[in-house]
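Subject: the model, plus some notes

Hi,

Here is the structure I said I would pass on.

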Amino acid sequence: MAPSTAQRRPHAILVAYPLQGHVIPSVHLALKLASRGLSITFVNTLSVHHQTLRAHSPTTDEEDVFACARRSGLDIRYEVVSDGLPLGFDRSLNHDQFMSALLHVLSAHVEELARGVEGVDCLIADTFFVWPATLARRLGIAYVSFWTEPALVFTLYYHLDLLRRNGHFGSNDNRDDTIDYIPGVPSLEPTDLPSYLQDTDTSTVVHQIIYKAFSEAKRADFVLCNTVQELEPSTISALQSTKPFYAVGPLFPSASTSTVPTSLWPESDCTHFLDPKPDHSVLYVSFGSYAHLSKRDLTEIALGLLDSRVSFLWVLRPDIVSSDDPDPLPAGFVESAGGRGLVVPWCRQAEVLKHRAVGGFFTHCGWNSVMESIWCGVPMLCLPLLTDQFVNRRLVVEEWRVGTGVEGRPRREKVAKKIGEVMMGGKVREGFVREIRETRRALENAVAVGGSSEVNLDRFIEDLTKRDCY
């Protein structure tokens, strides 16, 4: 049994899921917990560690990314473990092999590390890991499941049995009528489900991860969620009736002053392009850090951008189509765009979104991007590609009304029309701007002193500290 909290502060091991969209909120959760007096051992995979250092500090391979935070007085230690694959392995191109390593190999390395850390009181691990509850029980400590997406997505996975029982998931002929039986969710359409719950082949490695991860999540002692109570009140209330569930978001750089590097790619400084542009005249385009587009869809988007006549800043990962096709744009695209377009491989997204010249965000609807766009007051044009992004689009377009969507596969005419609605749509754009101001106020209030997310985080720490394992 660990010493009492009167003798020392609680110590948590926090393990980040090795994808960009998960690392960012995990780092900021660690900083928030440490600022409240917890000792944190933060665990990255060796691959994420090396990629981060290449992006931010190419001259050293041994830098501790939390060194600056520790000098400021925070008790955050930093460790890395292997995910079971060689450093040079292309995890993006070989998605299934990567997921299989996370499913079968990573836990042994985390357990070996955890057993070597003294005085640990709890394990905070991304919900998508398949082993945290089991490992925490073996170590005799609490398991805190950290969910980096909205509560709505969590509850859909949590109630997978209801979707299967009612014929909306898990068969070759899933029902296509409205889903109205999930606790805390008034109704939604099957096309609003996460992409993995729309699949007919449910035997993939990703589905194995989902099944096992949520079996573990149901055994969690606590759940922390990167959302805001006021944005998803009924869903969160229903989840709180099943287990301790705390909305503690938004957790991202725009809402903090962190100097901890989190980007896995070198970030271009785009101020030279944005500064001369008129206010709200530039469309920022980014489809995230992981999902892919077909070459056909990318071409239609590119042609739609040209047809819209809107200035744009496009973050285009070299592997957005395939690691084997690093230059997927139509021939002559950059020349046709002239001075009104800039294409870069990666950028400081939070800085771009808050620049006065940016008036819209053409996004894949990753949760971090949605929260950052709202925080910066930028209306969205949504093109979900994978996993939770379809649910996030529903929240953006139908519930919060802070943007619109490209329905179905992108075509140049449709893309150009939708860009016009977001950027120059008169009353349509005015409606988006009005609603996003209200939604932004909810985020700002949540992380202010006495706000819901701050109170929830303090309540979590108090409840955690009361456990007998301390």
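Two strands count as paired here if DSSP finds at least two bridges between them. Strands (E, at least two residues) and helices (H or I, at least four) are DSSP runs, numbered from the N terminus. With that in hand, V285 stands opposite F362 in β11. The strands involved are β8 (residues 282-286) and β11 (residues 358-363), which pair in the parallel sense over 5 bridges.

Some housekeeping: this is a predicted model, so local features need pLDDT of at least 70 and side-chain atom pairs count only at pLDDT 80 or more, while totals for chains, interfaces and linings use all residues. Residues are numbered from 1 along each chain as its sequence is written, and side-chain values use heavy atoms, with hydrogens and water left out.

The sheets

β8 and β11 belong to an open sheet of 6 strands with parallel pairing, in the order β10-β9-β8-β11-β12-β13. β10 (341-344) and β13 (403-405) are the edges; each has a single partner strand, so one side of each is left without a neighbour in the sheet. On average, neighbouring strands here are turned by 15 degrees against each other, direction ignored. Axes are lines fitted to C-alpha atoms (for helices, over the stretch in contact), and angles run from 0 to 180 degrees between N-to-C directions.

Helix α13 (residues 295-308) covers β8, β9 (311-315) and β11, at about 155 degrees to β9. Helix α18 (residues 412-424) lies across β8, β11, β12 (380-382) and β13, running at about 140 degrees to β11.

There is another open sheet, with 7 strands ordered β3-β2-β1-β4-β5-β6-β7 and parallel pairing. Its edge strands are β3 (76-81) and β7 (245-247), each pairing on one side only. The twist averages 20 degrees from one strand to the next. Within it, 5 bridges join β1 (residues 11-15) to β2 (residues 39-45), and A12 has I40 in β2 as its bridge partner.

What is inside

How buried is T404, which has a relative accessible area of 10%? T404 is classed as buried, since buried means under 20% relative accessible area, exposed over 50% and partly exposed in between (1.4 Å probe, protein chains only). This residue lies in β13 and touches M380, L381, C382, V397, K418, E421, V422 and F432, not counting residues up to four places away in sequence. Contact means heavy atoms within 4.5 Å.

Helix packing

In helix α4 (residues 95-104), H95, F98, M99, A101, L102 and L103 are buried. The buried residues of α4 pack against α5 (106-115), α9 (195-198) and α10 (205-217).

Finally, the axes of α7 (residues 151-158) and α17 (residues 389-399) come within 9 Å and cross at roughly 135 degrees. That makes α7 oblique to α17: angles under 35 degrees count as roughly parallel, over 145 as roughly antiparallel, 65 to 115 as roughly perpendicular and the rest as oblique. At this crossing, L152, V153 and L156 in α7 meet V391, N392, R394 and L395 in α17.

Cheers
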